[in-house]
Amino acid sequence: MAEFPALNGQSVSYAVLEYPAGSVNPPHTHPRAAELLFLTYGILEVVFVDTTNKLFTQRLQAGDIFVFPKGLVHYQFNCAESDFAVAVSAFGSAAAGTVSVPSTVFATNIDDEILAKSLKTDVQTIQKLKAGFAPKA
């Protein structure tokens, strides 16, 4: 709304997303809205996981549209080796929210032992993963 005040009170929002070659928008959810992604340039692999843990994958080309259902984990990957991609995402809420799965799990104070047990690994592995999300000095 700060960039486009006419959206205020309309229960919609949008974002322009730029993906450098080989980049990923990490797994995340939008708890308050579905997302309609329109690819304007490049190629993009889009993926979401449904409530039965089924993975849905689609490779988009410029002009394609994809819908991520509200609240489901999803991500985008620019599978091009040397070209960027650009997309416009529209949300059915002025405040769709974004919950990043990696940051939520590894950049918070969830106990290492709990994470190790939950992810069926050891505490040392969890600590290495958390170190990658530690704030840069």
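## A greasy patch on the outside

Tyr14, Val16, Leu36, Phe38, Ile65, Val67 and Val88 make up a nonpolar patch on the surface, together showing about 580 Å² of accessible area. To count here, residues need over 30% relative accessible area and no salt bridge, and nonpolar side chains (Val, Leu, Ile, Met, Phe, Trp, Tyr) are joined within 5 Å. Areas are Shrake-Rupley values with a 1.4 Å probe, and for residues only the protein chains shown count as cover.

Phe38 sits in strand 3. With 36% relative accessibility, Phe38 goes down as partly exposed, the class between buried (under 20% relative accessible area) and exposed (over 50%), using a 1.4 Å probe and protein chains only.

## What you're looking at

This is a predicted model, where local features need pLDDT of at least 70, side-chain atom pairs count only at pLDDT 80 or more, and totals for chains, interfaces and linings use all residues. Residues are numbered from 1 along each chain as its sequence is written, and side-chain values use heavy atoms, leaving out hydrogens and water.

The chain has three helices and nine strands, running β-β-β-β-β-β-β-β-β-α-α-α from the N terminus. These are DSSP runs numbered from the N terminus: helices are H or I with at least four residues, strands E with at least two. An automatic or database assignment supplies the domain bounds, giving domain 1 (13-97) and domain 2 (101-136). Their centres, taken over C-alpha atoms, are 25 Å apart.

## The core

The largest nonpolar core has 13 residues, and Tyr19, Leu37 and Leu44 touch the most other members. Such a core is a set of buried Ala, Val, Leu, Ile, Met, Phe, Trp, Tyr and Cys residues joined through side-chain atoms within 4.5 Å. Two or more residues come from each of strand 1 (13-19), strand 3 (35-41), strand 4 (43-49), strand 6 (65-68) and strand 8 (85-91). Strand 4 gives the largest share, three residues.

Beyond its neighbours within four places in sequence, Tyr19 is in contact (heavy atoms within 4.5 Å) with Asn25, Leu37, Leu44, Gln76, Asn78, Phe84, Ala85 and Ala87.

## One salt bridge

There's one salt bridge in the structure, counted when a side-chain nitrogen of Lys or Arg is within 4 Å of a carboxyl oxygen of Asp or Glu. Lys130 and Asp112 form it, at 2.5 Å from N to O. Lys130 is in helix 3 (residues 123-131) and Asp112 in helix 2 (residues 112-118), so the pair ties together parts 18 residues apart in sequence. Both Lys130 and Asp112 are buried.

Note on methods
Patch = residues over 30% accessible without salt bridge, like charges linked within 9 Å, V, L, I, M, F, W, Y side chains within 5 Å.
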